[in-house]
Amino acid sequence: MAASYFADIEPIKFEGTDSTNPLAFRYYDKNRVVMGKTMAEHLRMAVCYWHTFCWDGFDVFGAGTFNRPWHGGPVDQVRADHKLEEAFEFFTRLGLPYFCFHDVDVMAQAETIDEHVSNFAIMVDKIEAKMAATGIKLLWGTANMFSHPRYMGGASTNPDPDVFRFAATQVRHCIEATHRLGGANYVLWGGREGYDCLLNTDLKQEKAQFGRFLQMVVEHKHKIGFKGDILIEPKPHEPTKHQYDFDVETIYGFLLANGLEKEVKMNIEANHATLSGHSFEHEIASAINLGIFGSIDMNRGDPQNGWDTDQFPNDIREITTAMYYILKNGGFQNGGNNFDAKVRRQSIDPADLFHGHIGGIDILARSLLNAAAVIEGGEIEALVTERYAGWRSADAQAMLSGGSSLEAISDAAVAAKIDPKPRSGKQEYVENIVSRYI
């Protein structure tokens with residue numbers, strides 16, 4: 001094989017905040033201990049296979065711009081092997097502990113269902129060997145059930161039962177591969193599990209199919225002994241007009257309806273959160289409060305665009321706030337931070353792939369330090385505790401415990417002649433606290 005596409009890039013090292021080297025970490029020191037864990041243990045960062053190695057820079061208005069050696073033409077076994085070699089060259093030079101993939105990202109193109117199973121199995125053997133040789137681990141695997149034309153009307157929600165069967169085959173083999181490769185999680189992103197036109201859609205039928213499919217995934221997880229988490233990734237729309245996995249709260253209701261609230265957690269993407277009209281930290285806090293927080297797809301959108309741009313994160317305040325909620329609630333268990341992000345179409349050099357990741361990694365490292373400082377400072381926690389202090393009284397607790405009634409509460413309020421006065425929420429003050437630590 002010819003020299004690696006990344007041969008001119010030395011392994012990325014931590015050089016500290018005084019460094020001006022664009023190919024070095026200024027904040028991410030993987031062995032630095034923060035609140036009892038190293039940065040690497042806290043952040044559990046991963047490179048995604050699809051945007052980094054599969055996307056060639058195309059968009060709806062123009063052809064690909066990257067022209068990397070493994071691009072160009074159908075992905076046969078030679079190209080799949082070449083891409084795998086270059087992917088692990090990149091992983092080892094960047095120095096992150098994890099990667100993530102879709103089944104079709106890694107394999108040669110398949111025309112039939114048996115070819116899909118066979119071609120994927122070939123690459124799982126080769127990935128396993130690469131992981132053993134490099135020590136790189138798998139954060140999660142997933143099946144791509146949205147790109148092929150067969151999935152234009154959804155995967156598990158498709159009107160055609162044979163599409164459901166094809167999707168079941170992909171997931172069966174991908175979760176088994178994830179288990180074999182020691183993956184910490186398995187993700188389902190319903191990229192087309194929704195509708196474009198309500199007039200030709202049977203909502204009840206499609207949601208029943210979606211629910212049963214997910215139940216079978218959980219059943220198979222237990223059958224094969226996979227100990228990782230099953231994760232759903234919320235997204236409100238795009239590519240479909242409306243997707244059933246709209247946001248964290250919507251999915252939680254779906255899980256409850258299908259008896260899966262103890263079995264499935266969330267993989268929350270920053271860009272998807274903002275597309276749903278929420279903030280990134282809102283979706284994280286919601287998942288934590290519901291007991292279904294799992295993992296993160298770390299990226300950002302562009303506020304001037306109404307679609308999923310998957311850019312590398314660079315908003316230090318947003319990520320600091322997100323890390324505050326994650327860290328305050330015990331951090332990741334099986335999950336981590338997957339960089340579901342891609343360089344821009346004009347970023348065509350090998351070094352550009354490193355620049356994007358290095359910037360995102362340092363943003364996460366800075367945010368971790370900021371969040372830890374906010375927690376250790378204690379001001380926000382003290383303010384929230386004081387704001388809700390009244391609810392710790394015996395009378396207030398009785399109102400929530402079921403030991404009272406609307407009538408009893410009303411009678412007691414009138415008898416006591418209560419006259420509650422407005423109290424400041426101190427929003428500007430609490431926002432300033434975060435600013436002080438950035």
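1. **Ground rules.** You are looking at a predicted model, where local features need pLDDT of at least 70, side-chain atom pairs count only at pLDDT 80 or more, and totals for chains, interfaces and linings use all residues. Residues are numbered from 1 along each chain as its sequence is written, and side-chain values use heavy atoms, with hydrogens and water left out.

2. **Two domains.** The protein chain splits into domain 1 (30–377) and domain 2 (390–437); such bounds come from an automatic or database domain assignment. Taken over C-alpha atoms, the centres of domain 1 and domain 2 are 40 Å apart. Where they meet, seven residues of domain 1 are in contact with four residues of domain 2 (contact means heavy atoms within 4.5 Å).

3. **The annotated site.** An unreviewed UniProt entry lists Glu269, His272, Asp308 and Asp310 under "binding site". These residues are spread over 42 residues of sequence, yet they cluster in space, with a largest C-alpha distance of 10.3 Å. Keep in mind that UniProt positions follow the numbering used here, feature names are shortened, and annotations may be inferred rather than shown by experiment.

4. **Histidine 272.** Look for this residue in helix H9 (residues 270–275). Helices (H or I, at least four residues) and strands (E, at least two) are DSSP runs numbered from the N terminus. Is histidine 272 buried or exposed? Histidine 272 is buried, because its relative accessible area is 3%; buried means under 20%, exposed over 50% and partly exposed in between, using a 1.4 Å probe and protein chains only. Leaving aside residues up to four places away in sequence, histidine 272 touches Trp189, Glu233, Pro234, Lys235, Pro236 and Asp308.

5. **Aspartate 310.** This one sits in the loop between strand S13 (293–297) and helix H11 (316–328). Aspartate 310 is buried too, with a relative accessible area of 6%. Beyond residues up to four places away in sequence, its contacts include His51, Glu269, Asn271 and Arg344.

6. **A pocket between the domains.** Why does the second largest pocket lie between domain 1 and domain 2? Both domains give residues to its lining, so the pocket lies between them. On a 1 Å grid over the protein atoms alone, a pocket is an open set of points with protein on both sides within 12 Å along at least five of seven lines, a cavity is a set where a 1.4 Å probe fits but cannot get out, and lining residues have an atom within 4 Å of a point. The second largest pocket holds about 590 Å³; a volume is the space filled by probe spheres set on the points, which are joined across faces, edges and corners. Its lining has 21 residues, and Thr321, Tyr325, Ile380, Val430 and Val434 lie nearest the centre. H11 gives the largest share, seven residues.

7. **Two cavities.** Searching the whole structure turns up two cavities of 30 Å³ or more. The largest cavity has about 60 Å³ of space, and Trp189 is among the residues that line it; Trp189 also touches histidine 272. The second largest cavity has a volume of about 30 Å³. His51, Ala341 and Lys342 are among its lining residues, and aspartate 310 touches those three. Helix H2 (49–54) and helix H12 (350–377) each supply at least two residues of that lining.
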